[in-house]
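Trainee: I have a structure to go through. Can we take it step by step?
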Amino acid sequence: MEINIEGVKHTNLIKNPNHFNIFYHGIFNQESLLNFISFLESQNIKGIIRKKIFYLIIEMFQNIIRHADNIVSDSDNTPGMFSISENEKEFIITTGNYIHNDSVETLKQKIEGINSLNMEELDHSYNRFLIDFNIEKVDKIGLGILDMRIKSESLLQFHFHRIDENFSYFILQTKVLKN
Amino acid sequence: MEAFIISPTDDTPGVKLDPENNSFIISDRSLPENAMEFYQPIYKWIERYLSAPNQNMVLDFKLEYFNTASAKQIAKILLLLEKYSKEKQIAVKWFYKQEDNDMLASGMRYAKLINIKFDFKVY
């Protein structure tokens with residue numbers, strides 16, 4: 001079924017008594033994030049997992065708002081996709097957005113680097129980004145993506161699909177175990 | 001010094017910095033798109049206040065959620081407090097809900113990185 005949260009359109013919700021799957025494609029701005037959160041708060045997600053998922057949703061959604069490149073130059077809203085699905089053992093949060101091809105290699109190396117770290121190294125890296133206010137001038141992909149890796153306690157899944165000579169589509173996925 | 005008060009919204013925290021009542025608190029949600037812009041006046045106010053503060057200052061953090069952009073700005077404020085804590089009695093009270101391990105872990109991270117007295121309190 002298609003639902004229409006105020007300001008959040010093109011959202012499909014497939015729901016059964018135990019699991020939900022939600023897919024959003026459209027405007028990515030702070031207003032649509034807040035509407036999205038408000039909608040999810042009305043859903044029956046309980047316990048510690050609820051907080052973890054919300055943290056990830058906020059970071060991943062704002063990651064698109066901040067960093068996605070717009071394939072349509074005259075549009076003021078960054079197009080992308082966002083989905084949350086659930087199965088017996090985990091929640092899966094996926095985002096998709098366009099990026100310039102010249103950003104692909106840096107981003108790929110950054111995520112691979114973060115995935116290669118153990119929890120202690122992630123912690124150390126996070127601390128460095130947290131209190132060093134010069135680091136982001138040279139390394140713009142920092143705290144948010146580290147936070148996704150730490151909060152999800154799983155490897156970040158990603159894929160780049162080349163669209164044309166200018167753009168690729170970047171898919172990022174995190175998974176959170178229910179137990 | 002006049003109190004600095006901001007009411008909470010869906011994505012920005014409530015801020016009450018009230019020297020007259022010796023009450024300093026940042027609460028609710030902090031998810032602004034531009035955290036630097038939001039926190040800059042708070043930072044400036046605290047910086048001015050610390051030039052002639054009350055005898056004791058306890059800054060309460062009672063946050064439900066905060067994004068990583070806010071985490072950096074909170075770190076910036078805590079580092080400012082640390083700078084003045086050598087001469088003044090300054091402490092932080094970090095509130096968290098019993099089941100909220102992530103919020104406790106965030107507070108503990110700051111306590112480990114920043115040399116200032118931290119108290120943790122369940123609410």
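The questions below cover the contact between two chains and then one residue.

Trainee: How much area do chain B and chain A bury between them?
Mentor: This is a predicted model. On the contact count, 26 residues of chain B meet 29 residues of chain A. Of the area buried between the two chains, 57% is on carbon and sulfur atoms. The total is about 2500 Å².

Trainee: Which residues of chain B lose the most area to chain A?
Mentor: Three residues together make up 29% of what the chain B side buries. They are Tyr65(B), Lys72(B) and Arg109(B).

Trainee: How many salt bridges are there between chain B and chain A?
Mentor: Take one pair, Arg29(B) with Glu41(A). The closest N and O atoms are 2.1 Å apart, and the cut-off is 4 Å, so the pair qualifies.

Trainee: How many charged residues are on the side of chain B that touches chain A?
Mentor: Strand S4 (56-66), helix H2 (68-84) and helix H3 (101-113) of chain B each supply at least two residues to that side. The side has 11 nonpolar and 3 polar residues. The charged ones number 12.

Trainee: Is Ser30(B) buried or exposed?
Mentor: Ser30(B) is found in strand S3 (residues 23-30) of chain B. Its relative accessible area is 0%, and the limit is under 20%, so Ser30(B) counts as buried.

Trainee: Which side chain is 2.8 Å from the side chain of Ser30(B) in a polar contact?
Mentor: The side chain of Ser30(B) also makes a polar contact with that of Tyr39(B), at 2.7 Å. The partner at 2.8 Å is Ser70(B).

Note on methods
Residues numbered from 1 in each chain as written. Chains lettered and ligands numbered in written order. Predicted model: local features only at pLDDT ≥ 70, side-chain atom pairs only at ≥ 80, totals over all residues. Heavy atoms only, no water. Contact = heavy atoms within 4.5 Å. Buried area = accessible area lost by both parts, 1.4 Å probe. Salt bridge = Lys/Arg side-chain N within 4 Å of Asp/Glu carboxyl O. Helix = DSSP H or I, 4+ residues; strand = E, 2+ residues; numbered from the N terminus. Nonpolar A, V, L, I, M, F, W, Y, C, P; charged D, E, K, R; others polar. Buried < 20%, exposed > 50% of the residue type's maximum accessible area, 1.4 Å probe, protein only. Polar contact = N/O pair within 3.5 Å; in protein donor to acceptor, adjacent residues only side chain to side chain.
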